[in-house]
Amino acid sequence: MMYADDGAQPMAPLLEIENLRVTFDGEDGEVTAVNGVTLSVGQGETVALVGESGCGKSMTALSVLRLVPAPLGAIRGGSVRFAGEELLMKTVEQMQEIRGRDIAMIFQEPMTSLNPVFTCGDQIMEAITRHRVVSKREAREQAVEMLRLVGIPMPERRLYEYPHQLSGGMRQRVMIGMALCCAPKLLIADEPTTALDVTIQAQILDLLRTLKRKIGMAILLITHDLGIVAEVAERVVIMYAGEVVEEAPVRSLFKKPAHPYTRGLLGSVPKLDRKEEELKTIPGNVPSLKSMPSGCRFHPRCPNARSLCAKAAPALLEIGEGQRVACWLYGLPSDREGVETL
Amino acid sequence: MIASENRGRVLRRLFRRPLTVIGLFLILANIVMVLFAPVLSPYNPEEMHLKDRHSPPSMKYLLGTDFYGRDILSRIIHGSRISFTLGLSVVAGGLLFGTTLGLVAGYFGGRVDSLLMRVTDIFLAFPQMVFAMAIMSVRGQGFGNVVLALTLTGWTAFARLVRAEALSLRDLEFVQAVQSLGARTPRILFRHLLPNLMAPIIVQATMGMATPILTEAALTFLGIGIPPNVPSWGGMLSVDRDFMETAWWSVTFPGLAIACTVLGFNLFGDGLRDALDPKLRA
Amino acid sequence: MVLYILRRLFQSVWVLVGVTVLVFALVQLIPGGPALMILGEDATAEQITLVNQRLGLDRPLHVQYLDWLGKVVRGDFGVSFQDSRPILPDLLNRMPATLELLVVAMFFSLIIALPIGIISAVKPNSLLDNVGRVLALLGVSMPSFWIGLLLIMVFARNLGWFPAVGRESWTSVIMPAFALGVSMAGILMRMIRSSLLEVLREDYLKTARAKGLTEKVVVLKHAMRNAILPVITTIALQVGNLLGGSVVIETVFAWPGMGRFCYMRMLQRDIPTIMGNLMLYAVFVCILNIVTDLLYAYFDPRIRYSG
């Protein structure tokens, strides 16, 4: 099936991350950047992974491709299954086959994400020839086709241009073209529009949406911007300080956000029908990874915090259709299984 | 400027690496040789033991003797004086000349800068060794001439370094603040800019000891550096180079002395750079 | 790009003009002047005047300079004090031997520095990295002529594997080139390491890995093509140093090149030859700098397609 319509029946998950733990060796010892994250992406589904910078969302994404920068970063536990296969058990060579062919990734900075000394064409053709047995001419034709697909005018000429000769938006289009040239089943897009102008942002998001329909791939979109989540995602996973705090279909999330942090995030999204002074921000700062608060990691900034919140960490609990939240507001320890009462 | 609260941290970072400590040890050993040469030497470095010519290392002569029967250890200890004082003089000359020019070029920028940089380009157009040899050949042997030759060829390193740093500093707020207070230019250059350039200058000065020591040794080895009657490492190699198959010690140890001394400055300078400028650290 | 080359050429011309001033000034450094140097300490005043007249040294300095400059520009470096032969052909005849030595030395230093530098950068702070860094510092700390002496002692005199001196067989170049190349290898090793370490942090390598490229392709193709840029500049600077070092090495190994010739004429204080030789070295370095800029532009499209 080529078209994955919004609201279609969820198929068997393409990507399942379970209880993922990633540590990072910093100046002052080891910190846990990703702490027990669980999430899934269905076939052809677009899932947004949302959180402030440093919350571990990029590390989670890099873990899927096993590209956590070694030797400082390391995946310490959990499971990442792709199309039913455990990626964490694959050999390095097997992972290299999967990267770019089954799972592709695009990054935040189009300015620095392309190699400055090779032409755009070379870089796209390299991605094609890596995974497909094609002649150089066929690879070039496919590269032109990809550039045309991502909406680059005069693709035959752009093929021979270097990244510095293109604008930021054009470079991000090249990145997308390069990522999609082997028709991956999953595209991981790490803040793909953050570094771009607002008008270009809209164009790139539009492009991603269109391509997704054409190719039928799933997208794991990493962003800190709830504004773009509403436009492209079907499901949203909210991360805070290395942990998932809420997960919901996009409509439910905007209609009735459950976690106080999600509400805070939504409050800080500017809306045209609201006056500027009403724009709320979440008080306090993101805790640093080396001095995590006890209990619920959000409690020092939470307007609804109780004494319990500082003592025990809440687990994810299903509260509605597809909506799960990790917060003591939705059930005390006694109501829950597997949580010790304090 | 190294603020005092940072000093502890810099020192700790400096001595954390064993190689830096080894470098410092080599430098200190060298300084001890320079200061106490007469006390440390078992023999007079000039004394010829004609019965013991090319005598191999033994309890009597720890590192053996040379062609004239002079004790190699004693000559190495005394030779350290030439290398060390020469290195210091050349670095001092380079500091004085190069730093001033670099400061002026970097601070004023524009035409002054490009003129002064063209001048350094001219000096850099010759291989340093060849230029130094040419100067020595017209001036003749002697410590002063070696210092002159190596300073003339070595100052550019300081000038280029200081210029680049000053260029990046001159537009900073504190410089503009001092300017607006009406400070005179020399005062701005030496009281305000220079202290902020100390870290790279100290590193360059430490590493900068290496080249003059090596070049002097080569010049003296070629017979156009320090006169042969003064004990110097390059001179020792020159005397015995034709006898190396019968008296390996006479060419091995003086060269080792040069290598260890230069290595000391390189190791310590390397560690200093890492400690003072964490940006450059890997 | 063409404009860029022209500008560089123009700059080089000015540098060379400055070089002529400096070379000319060198003669003025002679204590007592060239005449006294030629005639010796006990020359009479009349003799000195006579020599000065014959060499044209009695004319005003700027006239002497312009006269000399005019000849140099036309490729006339004058005749030697020593044997009255024209200087330039004698120098140029010896150039191939020196170039051979330089090229082989560069080759040695690159094949030593590249693998160690790359491994050091890929596995920073590993045992191999630390050993490599100590070796690099050791390489720059040893006098090249001493390395040469040790090589002769061990491999020529004791083992007899290589000829100690001269340029008779093809193996002759190996020892002098190695001795000459060691310090450059040390410097390049450090440069490659730090340059590659920096490049390895770049975003585009994440992209390359995400494409599924093997680590070998990522490092050797994507990273090295970028890391090599600053190394090119270092190589150029080092070739200048090699040229200086070759004077000493050629002397140690009796290598019949320009450097040894230059050294012998320096011992004899053959002023015209020294001046001519300095000019030739300066021209060589200037050409080298221009070639470096061109190479840099070739390797870096950001420069190739601008200004």
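Helices (H or I, at least four residues) and strands (E, at least two) are DSSP runs, numbered from the N terminus. The model is predicted: local features need pLDDT of at least 70 and side-chain atom pairs count only at pLDDT 80 or more, while totals for chains, interfaces and linings use all residues. Residues are numbered from 1 along each chain as its sequence is written, and chains are lettered from A and ligands numbered from 1 in the order in which they are written.

| Helix pair | Axes come within | Crossing angle |
|---|---|---|
| α5(C) (residues 87-122) and α10(C) | 9 Å | roughly 140° |
| α1(C) (residues 2-28) and α12(C) (residues 271-299) | 10 Å | roughly 160° |

The angle makes α5(C) oblique to α10(C), whereas α1(C) and α12(C) are roughly antiparallel to each other. Here angles under 35 degrees count as roughly parallel, over 145 as roughly antiparallel, 65 to 115 as roughly perpendicular and the rest as oblique.

The crossing of α1(C) with α12(C) is also right-handed. Residues that make this contact include C:L9, C:V15 and C:V19 of α1(C), and C:M275, C:L278 and C:V283 of α12(C). By class, the contact of α1(C) with α12(C) has 14 nonpolar, 2 polar and 2 charged residues. Ala, Val, Leu, Ile, Met, Phe, Trp, Tyr, Cys and Pro count as nonpolar, Asp, Glu, Lys and Arg as charged, and the others, Gly among them, as polar.

**Chain A and its sheet**

Chain A holds 11 helices and 12 strands.

An open sheet of 8 strands in chain A runs in the order β6-β7-β8-β3-β9-β10-β12-β11, with mixed pairing; two strands pair if DSSP finds at least two bridges between them. Strands β6 (103-106) and β11 (317-320) of chain A stand at the edges with a single partner strand each, so one side of each is left without a neighbour in the sheet. From one strand to the next, the twist averages 20°.

Within this sheet, β7(A) (residues 186-190) and β8(A) (residues 218-223) pair in the parallel sense over 5 bridges. A:L220 in β8(A) is the bridge partner of A:I188. Helix α7(A) (residues 168-180) packs on the sheet and touches β6(A) and β7(A), its direction making about 170° with that of β6(A).

**Contacts between chains**

Two residues are in contact if their C-beta atoms, placed from the backbone, lie within 7 Å. Of the 2 pairs of chains in contact, chains B and C share the most contacts. No contact joins chain A and chain B, and their closest C-alpha atoms lie 13 Å apart.

The contact between chains C and A takes 20 residues from chain C and 24 residues from chain A. On the side of chain C that touches chain A, the elements giving two or more residues are α9(C) (203-210), α10(C) (215-252) and α13(C) (301-304). The largest share of that side, 7 residues, comes from α9(C). Its residues divide into 7 nonpolar, 5 polar and 8 charged.

Terms used. Axes are lines fitted to C-alpha atoms, for helices over the stretch in contact, and angles run from 0 to 180 degrees between N-to-C directions. A crossing is left-handed if the near helix is turned anticlockwise from the far one by less than a right angle, and right-handed if clockwise.
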